[in-house]
Amino acid sequence: MGESSKPSGYKEYVAGLLAGVATVVIGHPFDTVKVKLQKHNTELQGIKYRNGLHCAARILATEGLRGLYTGATSSFVGVAFESSLAFGIYSQTKQLLQGGVQSNGPQPRVIIPSAAFAGAIISFILCPSELVKCRMQVQGTDSLVPKSSSYSSPLDCALKTIKSEGVPGIFRGGSTTLLGESLGNAVFFSVYEYVRYYMHLQLNTSSSDHSNLIDMGIGIVSGGLGGVACWSAVLPLDVAKTIIQTSPDKFSPTNPFQVLNSIYMRAGLRGCYAGLGPTIVRAFPANAAAIVTWELAMKLLGIKND
């Protein structure tokens with residue numbers, strides 16, 4: 001099958017959707033632990049978890065494996081759609097900015113705006129999905145949410161949020177999501193492109209035989225390191241987003257820097273990085289799975305990944 005580097009209209013989006021599904025399957029349990037750590041370990045009241053393992057153990061003991069996948073329905077829809085747009089918009093914007101000219105290596109002036117633009121666009125879809133997911137995840141084990149205020153399903157959560165807070169309520173934390181996604185995508189794709197380029201360069205000089213297994217290995221390393229770099233950069237914004245989106249008070253602050261300052265006063269720098277352990281542990285395999293799935297799908301669909 002011949003591979004084309006020209007925009008295909010829809011194939012990049014299909015590949016991105018499959019990458020999103022892989023991300024949720026691998027990463028959602030870690031995300032549940034992360035959200036609970038961010039909620040509990042930055043509040044004055046309620047249980048404080050010693051670490052991610054302590055949190056995961058309590059969830060498994062009280063809710064079983066199913067508890068780690070709380071909110072996964074919303075996540076599958078949101079992340080699959082978000083990933084489809086992120087990879088599709090990034091690929092096509094990058095091709096547009098390159099003007100059809102083959103580059104000899106990664107170009108920051110192309111990668112950064114392409115990735116940031118994709119992040120800004122997907123934030124509008126991701127924000128409602130993340131709000132529902134986070135509100136579902138902070139229920140259950142050691143929950144600070146009263147039983148009377150709990151949600152029976154993602155749809156129930158979305159409907160109750162709109163009923164009590166209006167349509168703007170479902171987009172609570174939107175500016176924080178936009179900032180985090182734009183920055184995070186720029187970091188992720190920059191690291192991914194550079195690591196991928198230099199690994200291929202090294203392998204080109206040492207061997208001309210590039211098997212699918214080697215390509216998969218490069219995808220795992222470049223995607224995994226991109227994910228770790230991305231989450232290391234945006235985690236404080238993600239902590240602020242979790243607090244903003246799970247607050248029962250619709251009049252509570254929505255400025256992420258104001259929220260982070262409040263967290264810092266209560267819990268110090270450690271509070272601003274609540275959930276760091278499970279986030280980094282999740283970031284490598286989840287993003288590696290996303291990149292490997294994306295590159296494989298691109299290859300099967302006949303798209304050249306420059």
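A: Buried residues, those under 20% relative accessible area with a 1.4 Å probe and protein chains only, make up 50% of the 306 residues in the chain. Keep in mind that this is a predicted model, where local features need pLDDT of at least 70, side-chain atom pairs count only at pLDDT 80 or more, and totals for chains, interfaces and linings use all residues. Residues are numbered from 1 along each chain as its sequence is written, and side-chain values use heavy atoms, with hydrogens and water left out.

The chain has 11 helices and zero strands; both are DSSP runs numbered from the N terminus, helices being H or I with at least four residues and strands E with at least two.

Now for the inside. A search of the whole structure turns up two cavities of 30 Å³ or more. A cavity is a set of points, on a 1 Å grid over the protein atoms alone, where a 1.4 Å probe fits but cannot get out. The largest cavity holds about 660 Å³ of space, with volume taken as the space filled by probe spheres set on the points, which are joined across faces, edges and corners. It is lined by 34 residues, and Glu82, Leu126, Glu181, Trp231 and Arg282 are the closest to its centre; a lining residue has an atom within 4 Å of a point.

Helix α8 gives the largest share, eight residues. By class, the lining has 13 nonpolar, 12 polar and nine charged residues. Here Ala, Val, Leu, Ile, Met, Phe, Trp, Tyr, Cys and Pro count as nonpolar, Asp, Glu, Lys and Arg as charged, and the others, Gly among them, as polar.

How confident is the predictor? Its confidence in each residue, from 0 to 100, is called pLDDT, and the chain has a mean of 85, with 88% of its residues at 70 or more. Over residues 1–5, the pLDDT is below 50.

Definitions and conventions. 1 Å grid on protein atoms, 1.4 Å probe; cavity = no way out; pocket = protein on both sides within 12 Å on 5 of 7 lines; lining within 4 Å. pLDDT = per-residue confidence, 0-100. Contact = heavy atoms within 4.5 Å.
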